[in-house]
Amino acid sequence: YMQILIGFSAQTKCSQTQDLIDAKMERRRKGVYGPPMGHERVPGGGGWYDRKDASHPFRSITDVLYFSAMGLPGGGRTFITPRIMGMFYLVGFPLLDTENMAHIFTTILDWKFKADAYPPDIAGLTKKIVQATLDIYKGAAAELLPTPMKVHYTFNLR
């Protein structure tokens, strides 16, 4: 697969995105473009109008699949337009409550302690370790909110 990694911000313009993608495409036939031959391709579709040609012909883009990830708007992150959203299949993951996170991480840690044959006095600390980790996570997420100047203040439990 051929990757084109693009970082978006509030200042990113549609024309910049189009130019970045166009620069990686090859002409297949008149008005049809795609990734270089020889790369594995995933069926996709769509296209846009060529801004550099005075007659603005439509450029079909084939064999391309767009992937993207984003957080909820706020703290420097903005909404995406319906025009861009139409190019993606949307998958959402709800935030888990503390009880569900504790259950998931306790199960994982119990398995790890058992698989690696930890002594019972260490393996018995699973719930305390998970609870302490969740307390630190919730505290950091509540106090260190992301801002446009500190976008790195986005936490997850990886």
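Entry 1: I started at Ala-117, which sits in the loop between α3 and α4 (120–123). I'm working from a predicted model here.

**Entry 2: aromatic rings.** Next I looked for ring pairs and got a count of one aromatic pair. The partners are Phe-113 and Tyr-118, with 4.8 Å from centre to centre and 50° between the planes. I noted both values because a pair of aromatic rings is described by the distance of the centres and the angle of the planes. The pair goes down as tilted, since planes under 30 degrees apart would count as stacked and over 60 as edge-to-face. I then checked how each partner is placed. Phe-113 is buried, at a relative accessible area of 10%, whereas Tyr-118 is partly exposed, at 38%.

**Entry 3: α3 against α5.** Phe-113 turned up again when I looked at how α3 meets α5. Helix α3 covers residues 98–115 and helix α5 covers residues 126–143. At what angle do α3 and α5 pack? I read about 135°, with the axes 9 Å apart. That makes α3 oblique to α5, because only angles over 145 degrees would count as roughly antiparallel. The crossing of α3 past α5 is right-handed.

I also wrote down who is in the contact. On the α3 side I have Thr-98, Met-101, Ala-102, Phe-105, Thr-106, Leu-109, Asp-110 and Phe-113. They meet Thr-126, Lys-127, Ile-129, Val-130, Leu-134, Tyr-137 and Lys-138 in α5.

**Entry 4: helix α1.** Then I went to α1, residues 14–23, and asked which of its residues are buried. I found Thr-17, Gln-18, Ile-21 and Asp-22. Looking down the axis of α1, I see these buried residues fall within an arc of 130°, so they line one face of the helix.

**Entry 5: the whole chain.** Last, I stepped back to the overall layout. I have five helices and four strands in the protein. From the N terminus on, the order is α-β-β-β-β-α-α-α-α. How much of the protein counts as buried? I get 16% of the 158 residues. I also looked at contacts with a separation of 6 or more: residues 24 or more positions apart account for 37% of them.

Technical notes. Residues numbered from 1 in each chain as written. Predicted model: local features only at pLDDT ≥ 70, side-chain atom pairs only at ≥ 80, totals over all residues. Heavy atoms only, no water. Buried < 20%, exposed > 50% of the residue type's maximum accessible area, 1.4 Å probe, protein only. Helix = DSSP H or I, 4+ residues; strand = E, 2+ residues; numbered from the N terminus. Arc of directions from axis to C-beta. Phe/Tyr/Trp six-rings, centres within 6.5 Å; stacked < 30°, edge-to-face > 60°. Axes fitted to C-alpha atoms, helices over the stretch in contact; angles between N-to-C directions. Parallel < 35°, antiparallel > 145°, perpendicular 65-115°, else oblique. Left-handed = near helix turned anticlockwise from the far one by under 90°. Contact = heavy atoms within 4.5 Å.
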